[in-house]
Amino acid sequence: MIRVLLADDDAVLRVGVAAILGSDPEIEVVAEAGDGAQAVELARLHRPDIVLLDIRMPTMDGLHAAAELRRAVPEAAVVMLTTFDEDDYVTRAMDEGAVGFLLKAADPRELIIAVRAVAGGAAYLSPRIAHRMITRFRTGQPARRRTAAERVAVLSPRETEVLGLVGQGLANQAVATRLHLSEGTVKAHVSAILTRLGVRNRVQAAILAYEAGLVEDV
């Protein structure tokens with residue numbers, strides 16, 4: 001069972017999102033919060049697998065809540081749920097440890113897809129955001145590409161393979177299947193990759209994979 005905590009100051013939206021997630025028998029919404037501070041407290045209590053956070057909330061916004069969750073409940077994966085898709089929000093969310101970014105206007109089915117993907121160890125960005133960011137990285141300055149390639153060069157050949165598949169958005173089980181490894185081995189490789197590259201999460205690792213040219217196809 002994938003245990004989800006939902007935080008949004010719009011009670012009507014919370015009801016709708018909870019209903020969508022509850023339609024999947026493998027997803028359970030264990031708690032709902034109306035602001036970021038409450039989300040952190042409820043996460044400490046319920047220890048969810050995933051926290052869906054709105055960015056703009058009273059008392060404590062989603063970006064600050066994500067930072068607090070990283071310290072208080074590091075095992076919980078944070079996915080931002082918002083109406084705003086500006087690059088600054090995406091970048092700041094990733095800097096605070098978020099591994100997913102969903103638009104409220106997206107197809108409701110995308111909520112379930114995203115939750116399942118993140119629960120499986122993958123990162124998730126709404127397609128519209130992912131396309132724009134990938135385009136930006138592909139047309140980036142050569143100096144940035146060289147820097148990314150130099151950073152990736154510290155990885156072993158196997159770690160480089162894993163990073164390339166993480167860049168494609170594959171979850172741990174899918175990476176394990178592709179490389180004929182156990183899921184535990186893949187998790188260990190991903191952990192080592194994050195440490196050696198000095199990145200906080202899979203989203204930042206995936207971006208670096210794009211910048212270094214490890215991912216050829218969108």
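The largest cavity is lined by V162, L163, V166, V190, I193, L194, R202 and A205. The model is a predicted one, in which local features need pLDDT of at least 70, side-chain atom pairs count only at pLDDT 80 or more, and totals for chains, interfaces and linings use all residues. Residues are numbered from 1 along each chain as its sequence is written, and side-chain values use heavy atoms, with hydrogens and water left out.

**The cavity and its surroundings**

- A cavity is a set of points, on a 1 Å grid over the protein atoms alone, where a 1.4 Å probe fits but cannot get out, and lining residues have an atom within 4 Å of a point.
- The count comes to 1 cavity of 30 Å³ or more, and the largest cavity has a volume of about 40 Å³.
- A volume is the space filled by probe spheres set on the grid points, which are joined across faces, edges and corners.
- Helices α8 (157-167), α10 (183-197) and α11 (202-211) each supply at least two residues of the lining of the largest cavity; helices are DSSP runs (H or I, at least four residues) and strands are DSSP runs (E, at least two), numbered from the N terminus.
- H189 is found in helix α10 and is buried, with a relative accessible area of 18%.
- Buried means under 20% relative accessible area, exposed means over 50%, and partly exposed lies in between (1.4 Å probe, protein chains only).
- Leaving aside residues up to four places away in sequence, H189 touches R158, E159, V162 and L181, where contact means heavy atoms within 4.5 Å.

**The sheet**

- An open sheet of 6 strands has the order β2-β1-β3-β4-β5-β6, with parallel pairing; two strands pair if DSSP finds at least two bridges between them.
- The edge strands, each pairing on one side only, are β2 (27-33) and β6 (124-125).
- Helix α1 (residues 11-22) packs on this sheet and touches β1 (2-7), β2, β3 (50-54) and β4 (77-82).
- The direction of α1 makes about 165° with that of β2; axes are lines fitted to C-alpha atoms, for helices over the stretch in contact, and angles run from 0 to 180 degrees between N-to-C directions.
- Strands β1 and β2 pair in the parallel sense over 6 bridges, and the bridge partner of L5 in β2 is A31.
- The chain crosses from β1 through α1 to β2 in a right-handed β-α-β crossover.
- A crossover is right-handed if, with the strands pointing away from the viewer, the path from the first strand over the helix to the second runs clockwise.
- Strand β5 (residues 100-103) runs parallel to β6, to which 2 bridges join it, and G100 stands opposite Y124 in β6.

- Strand β3 is mostly covered, with 5 of its 5 residues buried.
- In a regular strand the side chains alternate between the two faces of the sheet.
- Both faces of β3 are covered: I50, L52 and D54 are buried on one side, and V51 and L53 are buried on the other.
- Strands β1 and β3 pair in the parallel sense over 4 bridges, with V4 opposite I50 in β3.
- Strands β3 and β4 run parallel and are joined by 5 bridges, with I50 opposite A77 in β4.
- Strand β3, helix α3 (residues 62-72) and strand β4 make a right-handed β-α-β unit.

**The largest pocket**

- A pocket is an open set of grid points with protein on both sides within 12 Å along at least five of seven lines.
- About 640 Å³ of space lies in the largest pocket.
- Of the 28 residues that line the largest pocket, the closest to its centre are P74, E75, A76, A77 and V99.
- The elements that give two or more residues to this lining are α3, β4, α5 (108-119) and α10, and α10 gives the most, with 4 residues.

- A77 is found in strand β4 and is buried, with a relative accessible area of 18%.
- A77 touches D49, I50, V51, V99 and V118, not counting residues up to four places away in sequence.
- The C-alpha atoms of A77 and D49 are separated by 6.2 Å, although these residues are 28 residues apart along the chain.
- A105 is found in the loop between β5 and α5 and counts as exposed, at 78% relative accessibility.
- A105 and T82 are 23 residues apart in sequence and 8.5 Å apart in space, C-alpha to C-alpha.
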